[in-house]
Each structure stands twice: as structure tokens, then as C-alpha cells.
Amino acid sequence: VCSSDLLTLAWIKDRLEDAQSMGKTVIGMMHHGLVEHYNYQQMVDPGYVIDNWETVSNELIDAGLKLILTGHYHATDITKREHDGKFVFDVETGSTVNYPCTYRMLTIDGNEYSFAPQNTTSLMGGDFDDFARLFMSDHLNLYFANLLHSNFGIDEASAAALAPLFTPAAMAHFAGDEAMPADVLGQISMLNSVDPSGML
């Protein structure tokens with residue numbers, strides 16, 4: 001961790017302390033995720049969550065941060081991290097550049113917060129929704145093939161064959177609907193049973 005990161009963190013914690021002393025609620029915002037949105041995200045798909053995220057998020061939780069808006073992963077997903085009886089919600093928002101092309105509306109009513117994803121594909125008319133879904137699916141197939149080959153050493157042919165099995169789960173995550181269909185759950189179960197040593 002470089003000294004400028006430590007200075008920035010100290011400054012943020014001071015502002016949180018000031019806010020608490022004035023009875024104000026802080027809503028944080030930053031580009032990268034404060035916490036992982038699925039188990040082993042930093043290992044499987046590095047670069048989307050801040051470095052040293054466990055320690056930093058615990059320090060911010062201790063300092064009183066309860067809500068932070070993030071977005072680098074382009075998924076419409078909310079996750080909660082708890083530490084010593086306190087918590088923070090990392091509210092990650094999708095992007096209009098990738099399917100399902102959403103942004104969020106945040107409504108604050110007293111101490112009540114609600115988030116509503118807004119879909120923009122209907123504004124584009126025609127068959128844009130189908131085009132955007134297919135474009136995202138094709139992109140993810142290539143992305144996972146490269147990830148499996150480059151990060152996990154799986155040969156290119158096997159990586160290309162396995163990649164489409166990851167895409168529906170990723171698309172559900174990006175859309176904010178992780179109630180997986182039965183066929184996707186079956187694929188996940190099948191992947192769990194694969195011996196990766198035979199693909200290296």
C-alpha cells in the first residue's frame with residue numbers, strides 16, 4: 001500500500017468521524033468495488049475490487065460507512081459485508097454500454113433507501129434488446145475463454161469449449177438476477193465435477 005493511499009484512507013476516516021459528530025449519514029462513491037460481490041472475485045477476475053479490500057472495508061465499516069456506490073464491474077448487484085457487528089452495503093451499478101444496459105435510481109425517504117434499476121434498451125427501439133444481449137453473450141464467451149487460458153492455464157480448445165458454460169451465470173449476475181435457472185445450476189454442478197488437471 002503506497003503512502004498516498006494511506007493518506008487518502010485517513011482523510012476519508014476523518015470525514016466519516018466529522019459526519020458522525022454532526023449526525024449526518026455519508027454515502028460513499030468510488031469506481032472500483034469496495035468488497036467482493038461473489039466469492040473469490042479478486043482471484044478469479046482480478047482488478048475490479050480495490051487492493052487490500054478486506055482490511056480497508058473493515059476500517060471504513062469501523063469508521064461508520066454503511067453505504068457506498070461502485071460500478072467498475074458493470075453489474076447490477078448489491079452485497080453486504082459485516083464486521084464486528086457493523087456493516088456496509090456495496091451497491092454496484094451496471095452500465096448502459098453492456099447488456100442489460102441499466103442505470104439505477106436511488107430514492108431516499110428519511111432513513112429508507114431503495115434502488116430501482118432502469119433499463120434503457122426499450123428506448124433504442126427495434127431489436128436492440130436482442131442485439132445487446134447477443135453482443136454481450138459473444139463478448140463473454142471470448143472473455144471467459146481468454147481468462148481460462150491466460151489465468152488458469154487451460155489449453156485454448158478446452159477453454160473455448162468451457163467458456164459458454166460461464167456466460168449465462170455472468171449475464172444473470174450483471175442483470176442483478178442471480179436466481180439461476182435449473183439448466184444453469186446443472187452446468188455449474190457439472191463444472192464442479194470436472195478434473196482441471198486433464199485440461200492443462
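The model is predicted: local features need pLDDT of at least 70, side-chain atom pairs count only at pLDDT 80 or more, and totals for chains, interfaces and linings use all residues. Residues are numbered from 1 along each chain as its sequence is written, and side-chain values use heavy atoms, with hydrogens and water left out. The chain has seven helices and six strands. Helices (H or I, at least four residues) and strands (E, at least two) are DSSP runs, numbered from the N terminus.

**Overall fold**

- Along the sequence, the elements follow the pattern α-β-α-α-β-β-β-β-β-α-α-α-α.
- The C-alpha atoms fill a box of roughly 60 × 45 × 30 Å, taken along the principal axes.
- Of the 200 residues in the chain, 34% are buried. Buried means under 20% relative accessible area, exposed over 50%, and partly exposed in between (1.4 Å probe, protein chains only).
- Contact means heavy atoms within 4.5 Å. Among contacts between residues at least 6 apart in sequence, 50% join residues at least 24 apart.

**Helix 5 against helix 6**

- Helix 5 spans residues 128-152 and helix 6 spans residues 156-175. Their axes come within 7 Å and cross at roughly 130°.
- Axes are lines fitted to C-alpha atoms, for helices over the stretch in contact, and angles run from 0 to 180 degrees between N-to-C directions.
- Helix 5 and helix 6 are therefore oblique to each other. Angles under 35 degrees count as roughly parallel, over 145 as roughly antiparallel, 65 to 115 as roughly perpendicular and the rest as oblique.
- Helix 5 passes helix 6 in a right-handed crossing. A crossing is left-handed if the near helix is turned anticlockwise from the far one by less than a right angle, and right-handed if clockwise.
- Helix 5 brings R133, M136, S137, L140, N141, F144, A145, L148 and H149 to the contact. From helix 6 come E156, A159, A160, L162, A163, P164, F166, T167, A170, M171 and F174.
- The residues of this contact of helix 5 with helix 6 divide into 14 nonpolar, four polar and two charged. Ala, Val, Leu, Ile, Met, Phe, Trp, Tyr, Cys and Pro count as nonpolar, Asp, Glu, Lys and Arg as charged, and the others, Gly among them, as polar.

**Helix 6 against helix 7**

- Helix 6 packs with helix 7 (residues 182-192) at an angle of about 135°, with axes 10 Å apart. That makes helix 6 oblique to helix 7.
- The crossing of helix 6 and helix 7 is left-handed.
- L162, L165, F166, P168 and A169 of helix 6 meet V184, Q187, M190 and L191 of helix 7.
- The contact of helix 6 with helix 7 holds eight nonpolar residues, one polar and no charged.

**Aromatic rings**

- Rings of Phe, Tyr and Trp (its six-membered ring) pair if their centres lie within 6.5 Å; planes under 30 degrees apart count as stacked, over 60 as edge-to-face and the rest as tilted. By this rule there are eight aromatic pairs.
- The rings of F87 and F89 have centres 5.4 Å apart and planes at 70°, so the pair is edge-to-face.
- F87 is partly exposed, at 27% relative accessible area. F89 is partly exposed too, at 30%.
- Y38, Y48, Y73 and F174 form one aromatic cluster.

- Most residues other than glycine have a negative phi, and most peptide bonds are trans.
- A cis peptide bond joins Y99 and P100, with omega about 10°. P100 sits in the loop between strand 4 (86-92) and strand 5 (102-109).
- H74 has a positive phi, near 65°. H74 lies in the loop between strand 2 (67-70) and strand 3 (77-83), and is partly exposed at 27% relative accessibility.
- D84 has a positive phi of about 50°. D84 lies in the loop between strand 3 and strand 4, and is exposed at 66% relative accessibility.
- Helix 3 is followed by G64, whose phi is positive, near 110°.

**Buried spots**

- E92 lies in strand 4. E92 is buried, with a relative accessible area of 2%.
- Leaving aside neighbours within four places in sequence, E92 contacts H37, T70, G71, Y73, A75, T76, D77, R104 and H173.
- In helix 3 (residues 53-62), the buried residues are W53, V56, S57, N58, L60 and I61.
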